[in-house]
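Here is a short tour of a chain, written for someone who likes to know the cut-offs behind the words. Please have the viewer open as you read.

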Amino acid sequence: MKTSWNFTKLFKHFALVFALGVETAYASIYDVTIDTSPIQSTAGFMAFDLIDGDGLINNSITISNFSSDAALITEAVTGDVIGALNPGPMVIGDGDFFNEMLQEVTFGTFVNFRLETTGNGPFGPTPDSFAFFLLDSGFFPYPTNDPLGTDALMVLDIDNAQPVPQVFVSASASANVSLVPLPGAIVLLMSGLVALAGVARKSAGRH
Ligand SMILES: [Ca+2]
């Protein structure tokens with residue numbers, strides 16, 4: 001019986017270490033691919049916005065590995081933004097309430113970039129929130145099925161330690177996101193599982 005209790009305690013220890021590790025040391029990374037063929041050759045803008053929803057805990061969004069056949073024209077920055085798309089990286093912080101990089105473009109057929117988000121809590125009812133928009137030359141967003149009605153193509157609410165983007169549907173572009181595995185988190189998880197397996201074998205052998 002004592003062995004079982006120790007196993008439970010060890011499991012809780014690793015679960016806690018893993019949870020704390022994710023919350024304090026790791027971010028979530030996504031590769032984003034956007035097909036802009038329907039609006040190819042038109043003039044417009046890409047808006048990368050981060051809203052400081054909680055007004056308390058600092059979070060940031062880092063955009064890197066930008067590649068596109070769009071022509072980048074001028075850029076306009078509001079608030080807490082460092083760097084640019086090309087060359088990157090570009091870091092959008094939440095130093096102000098509204099933080100934005102507005103990139104004027106002539107759209108091509110694709111826009112690809114890597115998006116890294118912090119996941120710093122505690123998390124309240126109005127989380128820090130990132131949103132990405134495609135706008136026409138009159139600054140009107142191309143419509144999407146974003147339920148909030150903002151016509152965002154992608155939204156990432158930083159409401160947990162590993163926030164997940166929401167992608168919306170549009171007739172003007174289609175976006176896909178894929179999670180990039182975090183080597184550090186995987187190594188930590190695996191070491192915990194190996195240790196647990198060893199304890200489980202010893203425990204089984206004694207019964
Ligand atoms: Ca914040």
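Asn65 sits in strand β3, which spans residues 60-68; strands (E, at least two residues) and helices (H or I, at least four) are DSSP runs, numbered from the N terminus. Bear in mind that this is a predicted model: local features need pLDDT of at least 70, side-chain atom pairs count only at pLDDT 80 or more, and totals for chains, interfaces and linings use all residues. Residues are numbered from 1 along each chain as its sequence is written.

**Backbone angles worth a look**

- Asn65 is not a glycine, yet its phi is positive, at about 50°.
- Asn65 counts as partly exposed because it has 13 C-beta neighbours inside 10 Å; the label buried takes 20 or more other C-beta atoms within 10 Å, exposed takes 12 or fewer, and partly exposed lies in between, with C-beta atoms placed from the backbone.
- Phe139 also has a positive phi, near 70°, and is a residue other than glycine.
- You will find Phe139 in the loop between β9 (128-136) and β10 (154-158), and Phe139 is exposed, with 11 other C-beta atoms within 10 Å.

**Cis peptide bonds**

- The bond from Asn86 to Pro87 is cis, its omega being near 0°, and Pro87 belongs to the loop between β5 (81-82) and β6 (90-93).
- Gly88 to Pro89 is a cis peptide bond as well, with omega near 0°; Pro89 is placed in the loop between β5 and β6.

**The sheet that contains β3**

- Six strands form an open sheet in the order β5-β6-β3-β8-β1-β12, paired antiparallel; two strands pair if DSSP finds at least two bridges between them.
- At the edges of this sheet are β5 and β12 (174-180), each pairing on one side only.
- Seven bridges link β1 with β12 in the antiparallel sense, and within β12 the bridge partner of Ile29 is Val180.
- Pro181 lies in the loop between β12 and α2 (183-206), where Pro181 counts as exposed, with 9 C-beta neighbours inside 10 Å.
- Pro181 and Ile29 are 152 residues apart along the chain, and their C-alpha atoms are separated by 7.5 Å.

**The sheet that contains β2**

- Another open sheet of six strands runs β4-β7-β2-β9-β10-β11, with antiparallel pairing.
- Its edges are β4 (71-78) and β11 (166-167); each has a single partner strand, so one side of each is left without a neighbour in the sheet.
- Strand β2 (residues 43-51) and strand β7 (residues 98-106) run antiparallel and are joined by nine bridges.
- Asp49 stands opposite Glu100 in β7.

**The nonpolar core**

- Which residues have the most contacts inside the largest nonpolar core? They are Ile63, Phe132 and Met154, in a core of 34 residues; such a core is a set of buried Ala, Val, Leu, Ile, Met, Phe, Trp, Tyr and Cys residues joined through C-beta atoms within 7 Å.
- Two or more residues of this core come from each of β1 (28-35), β2, β3, β6, β7, β8 (110-117), β9 and β10.
- Leaving aside residues up to four places away in sequence, Phe132 touches Ala47, Phe48, Ala152, Leu153 and Met154; contact here asks for C-beta atoms, placed from the backbone, within 7 Å.

Conventions:
Contact = placed C-beta atoms within 7 Å.
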